[in-house]
Amino acid sequence: DSVYSGVVSLRSLCLICFLAELNELEIMSTDIGNAYLEAYTKEKVYCVAGPEFGDLAGHTLIIVKALYGLRTSGARFHECLADTLRDLGFCPSYADPDVWMRDNGSTWDYVCVYVDDLLVAMKDLMWLMDILRGDPWNYKLKGVCEPKYHLGGDFFHDKDGMLCYGAQT
């Protein structure tokens, strides 16, 4: 638990999609680009600058950002994203701590987190996307769209217009 990022279960993901369809919520998926660089590491990491650093060659450089490959980077990013979601009024579900919920009055908003992949179900999706992209968080969101393929499964509508999730690809 201290070194890994939590991930939403596929059962929870399907349940949130069901709730979204039932409550006429929009569904959108996105990926947070350079996710680990959004968090600070608690590990003590340094490197000695090589010639590519110009005047700094030979200096000891202290690394403060979580990098891919560091043991605890996943957990540090998970903490960073959790703090962001809490600041926005979301709280983790008791059943699955990687399903974040927020009461918006008429329905609930949901964010499913799988390391740096998000599936969001809300009435006003662009509000959240704009907030995450803006100050103070400045997350780099990639592939913000209605999910077609997410977490190893295909999203599609059947002949009756019902949202389905399965392994067609």
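**Close-up views of a predicted model**

**View 1. Helix α3 carries four buried residues: L125, L128, M129 and L132.** The helix spans residues 125-133. An α-helix has 3.6 residues a turn, so residues three or four places apart point the same way. The structure shown here is a predicted model.

**View 2. Several elements cover the buried residues of α3.** Among the strands that do so are β1 (26-33) and β6 (108-114). Strands β7 (117-122) and β8 (140-145) also contribute cover. So does a helix, α2 (73-87).

**View 3. Five residues make a nonpolar surface patch.** They are Y40, Y46, V48, I62 and V64. The patch has an area of about 590 Å². Strands β2 (40-48) and β3 (60-65) each supply at least two of its residues. The most comes from β2, which gives three residues.

**View 4. Y40 sits in strand β2.** Y40 counts as exposed because its relative accessibility is 53%. Y40 is also one of the residues that make the nonpolar patch.

View 5. From the N terminus, the elements run α-β-β-β-α-β-β-β-β-α-β-β-β-β. The C-alpha atoms fill a box of roughly 65 × 35 × 30 Å along the principal axes. Of the 169 residues, 41% are buried. The accessible surface is about 9,900 Å², and carbon and sulfur atoms account for 56% of this surface. Among contacts between residues at least 6 apart in sequence, 60% join residues at least 24 apart.

Notes:
Residues are numbered from 1 along each chain as its sequence is written. This is a predicted model: local features need pLDDT of at least 70, side-chain atom pairs count only at pLDDT 80 or more; totals for chains, interfaces and linings use all residues. Side-chain values use heavy atoms; hydrogens and water are left out. Patches are made of residues with over 30% relative accessible area and no salt bridge: like charges are joined within 9 Å, nonpolar side chains (Val, Leu, Ile, Met, Phe, Trp, Tyr) within 5 Å. Accessible areas come from the Shrake-Rupley method with a 1.4 Å probe; for residues, only the protein chains shown count as cover. A salt bridge is a side-chain nitrogen of Lys or Arg within 4 Å of a carboxyl oxygen of Asp or Glu. Buried means under 20% relative accessible area, exposed over 50%, partly exposed in between (1.4 Å probe, protein chains only). Contact means heavy atoms within 4.5 Å.
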